[in-house]
Amino acid sequence: MTDRLKEIENLLPDRLKNSLFSGMFGFRVTYDGLEEIRLRCAQPAEIRFKGEDYRTDKVIIAQQDIRQCLEYMSHYSLYAFQEEIRQGYLTVRGGHRIGVLGRAVLENGIVTGQTSLSFLNIRVAHEKIGCADAVMDFVCKDGILKHTLIISPPCCGKTTLLRDIVRQLSQGSVIPAKKVCVVDERSEIAACVDGIPQNHLGERTDVIDCCPKAEGMLMVIRAMSPDIVAVDEIGGKKDIEAIESVIHCGCIVIGTVHGADVKELYQKPELGALLKRGVFGRLIVLSGKNGAGTVQECLEL
């Protein structure tokens with residue numbers, strides 16, 4: 001078994017160890033094709049493999065299975081991860097992200113934690129070094145960087161592409177190396193564990209982990225004087241206001257946003273206003289037509 005498969009096996013409940021990858025679903029599960037493992041209390045185990053979902057009645061997940069998983073993921077110190085659990089996820093060594101759901105604990109209408117954890121989604125990390133090769137000449141066209149937006153529906157590779165663009169800009173693969181700051185609100189870009197990125201982001205990249213995007217963008221400007229600020233899943237008004245502040249400081253912004261196409265983005269009030277003003281000079285549109293990470297089109301505004 002490869003080291004990457006072993007990373008995943010070590011997260012699983014005892015009843016799934018040594019069986020998930022050896023025919024439990026009727027075929028050989030490989031690391032490269034494995035995308036998700038879903039464990040739902042009182043339901044069959046389920047995986048997502050090469051874009052398809054598979055279930056097996058051979059294993060019905062019990063509360064004990066969920067408990068074992070959480071113990072293994074937290075190294076028997078689940079209390080140390082209460083803030084992550086409150087937000088609904090854990091990031092573990094190797095960059096794998098674990099979605100966690102149960103019963104929300106509320107104080108004055110605000111979620112302060114979760115109990116009775118019964119649903120886990122192990123999202124298997126797949127770092128694809130070089131996946132940005134096809135777009136780097138566009139990102140660095142004529143040796144000039146412009147504010148760039150990666151547009152993609154869910155699960156079509158926008159974070160993976162952003163990560164490799166960051167790596168290449170930091171390493172100087174196409175143009176001279178730049179100082180890059182990553183604002184990683186959900187630990188999906190760098191996948192930091194104990195402050196150390198598990199993914200390759202280049203030698204000149206700094207990361208602020210688990211910080212709200214809007215606040216994080218302003219913090220890195222003050223703290224690290226970056227050339228480039230990279231941020232995933234740009235959303236509401238606060239994000240847009242922070243982006244404008246970053247731009248006014250002379251930094252390049254490279255970000256991602258959920259969307260099927262450019263037309264959809266123009267319909268979003270705050271983001272649409274930025275596009276109409278021509279703030280983002282380059283757009284990369286992804287789709288899943290030929291698998292995750294398919295570059296649909298590159299547009300210069």
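User: Which residues does Met73 touch, not counting residues up to four places away in sequence?

Analyst: This is a predicted model, in which local features need pLDDT of at least 70 and side-chain atom pairs count only at pLDDT 80 or more, while totals for chains, interfaces and linings use all residues. Residues are numbered from 1 along each chain as its sequence is written, and side-chain values use heavy atoms, with hydrogens and water left out. With contact taken as heavy atoms within 4.5 Å, the partners of Met73 are Leu11, Leu90, Val92, Ile98, Leu120 and Ile122.

User: Which members of the largest nonpolar core touch the most other members?

Analyst: A nonpolar core is a set of buried Ala, Val, Leu, Ile, Met, Phe, Trp, Tyr and Cys residues joined through side-chain atoms within 4.5 Å; buried means under 20% relative accessible area, exposed over 50%, and partly exposed in between, with a 1.4 Å probe and protein chains only. The core holds 32 residues, and those touching the most other members are Leu34, Ile37, Leu39 and Met73.

User: Which element gives the largest share of this core?

Analyst: Helices (H or I, at least four residues) and strands (E, at least two) are DSSP runs, numbered from the N terminus. Elements supplying at least two residues of the core include α1 (3-9), β1 (34-40) and α2 (63-73). The largest share, 4 residues, is that of α2.

User: Which residues lie nearest the centre of the largest pocket?

Analyst: On a 1 Å grid over the protein atoms alone, a pocket is an open set of points where a 1.4 Å probe fits, with protein on both sides within 12 Å along at least five of seven lines; lining residues have an atom within 4 Å of a point. The lining has 39 residues, and its largest share, 5 residues, comes from α5, a helix spanning 158-171. Nearest the centre lie Arg123, Cys155, Gly157, Thr160 and Ala292.

User: Is Cys298 buried or partly exposed?

Analyst: Cys298 is in no disulfide, and the nearest cysteine sulfur, that of Cys140, is 12 Å away. With a relative accessible area of 32%, Cys298 is partly exposed.

Definitions and conventions:
Disulfide = S-S within 2.5 Å.
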